[in-house]
Amino acid sequence: MPTPHYGEPRYRVIADTLRERIESGVIPPGALLPAESALSAEFQAARGTIRQAIAVLRDAELVATEHGRGTYASVKRQESGLDGPDSETRERKIPANSDLAALFDINVGATIIEQQRIDRINGAVRTVVRTYRPL
């Protein structure tokens, strides 16, 4: 019985496996992918084949390569995927603590607005951003 990848080029099979890892979060956004030599050993493939697989992922904007630093899972692409970010924003009035009062040059305890945005991808929290502004 043929394998599911029967007839498919080896680099495509490797690219699909890495794509699944990136999209499922096994390799999180911004994480460094294993070195070519490690991938070569894992997939029992030549480095040229690994490079072809990475090129496919780069073309799909799933990874970005920095010369001398390695290949990283792309944050931008994952956040614009089909199961893109689910964003939730909350706003509330709070009294300014000493740090916020100093930043805004207001009195401690003065009312300010705190806005919190939570971004989720496939249900998992990816970022929490809090911003503050005076009333």
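Which residues does F43 touch, not counting residues up to four places away in sequence? The views below begin with this residue.

**View 1. Surroundings of F43 in the predicted model.** F43 touches R10, I14, T17, L18, R21 and I50, with residues up to four places away in sequence not counted. Contact here means heavy atoms within 4.5 Å. This is a predicted model, in which local features need pLDDT of at least 70 and side-chain atom pairs count only at pLDDT 80 or more, while totals for chains, interfaces and linings use all residues. Residues are numbered from 1 along each chain as its sequence is written, and side-chain values use heavy atoms, with hydrogens and water left out.

**View 2. The largest nonpolar core, with 17 residues.** Those with the most contacts inside this core are I14, I22, F43, I50 and L57. At least two core residues come from each of α1 (10–24), α2 (36–43) and α3 (47–59). The largest share, 5 residues, is supplied by α3. Another core, of 5 residues, lies apart from this one and includes I94, A96, L100 and I112. A nonpolar core is a set of buried Ala, Val, Leu, Ile, Met, Phe, Trp, Tyr and Cys residues joined through side-chain atoms within 4.5 Å; buried means under 20% relative accessible area (1.4 Å probe, protein chains only). Helices (H or I, at least four residues) and strands (E, at least two) are DSSP runs, numbered from the N terminus.

**View 3. Packing of α1 against α2.** The two helices pack at an angle of about 110°, and their axes are 12 Å apart. That makes α1 roughly perpendicular to α2 (angles of 65 to 115 degrees count as such). Axes are lines fitted to C-alpha atoms, for helices over the stretch in contact, and angles run from 0 to 180 degrees between N-to-C directions. On the α1 side, R10, I14, T17, L18 and R21 meet L39, E42 and F43 of α2.

**View 4. The hairpin of β1 and β2.** Strand β1 (residues 63–66) pairs with strand β2 (residues 70–73) in the antiparallel sense, over 4 bridges. Two strands pair if DSSP finds at least two bridges between them. Y72 in β2 is the bridge partner of A64. There are 3 residues between the strands, and G68 takes a positive phi near 80°.

**View 5. An open sheet of 3 strands.** The strand order is β3-β4-β5, with antiparallel pairing. At the edges are β3 (86–95) and β5 (124–134), each pairing on one side only. From one strand to the next, the twist averages 20°. β3 is joined to strand β4 (residues 111–121) by 10 bridges, and Q115 in β4 is the bridge partner of E91.

Key:
Buried < 20%, exposed > 50% of the residue type's maximum accessible area, 1.4 Å probe, protein only. Parallel < 35°, antiparallel > 145°, perpendicular 65-115°, else oblique.
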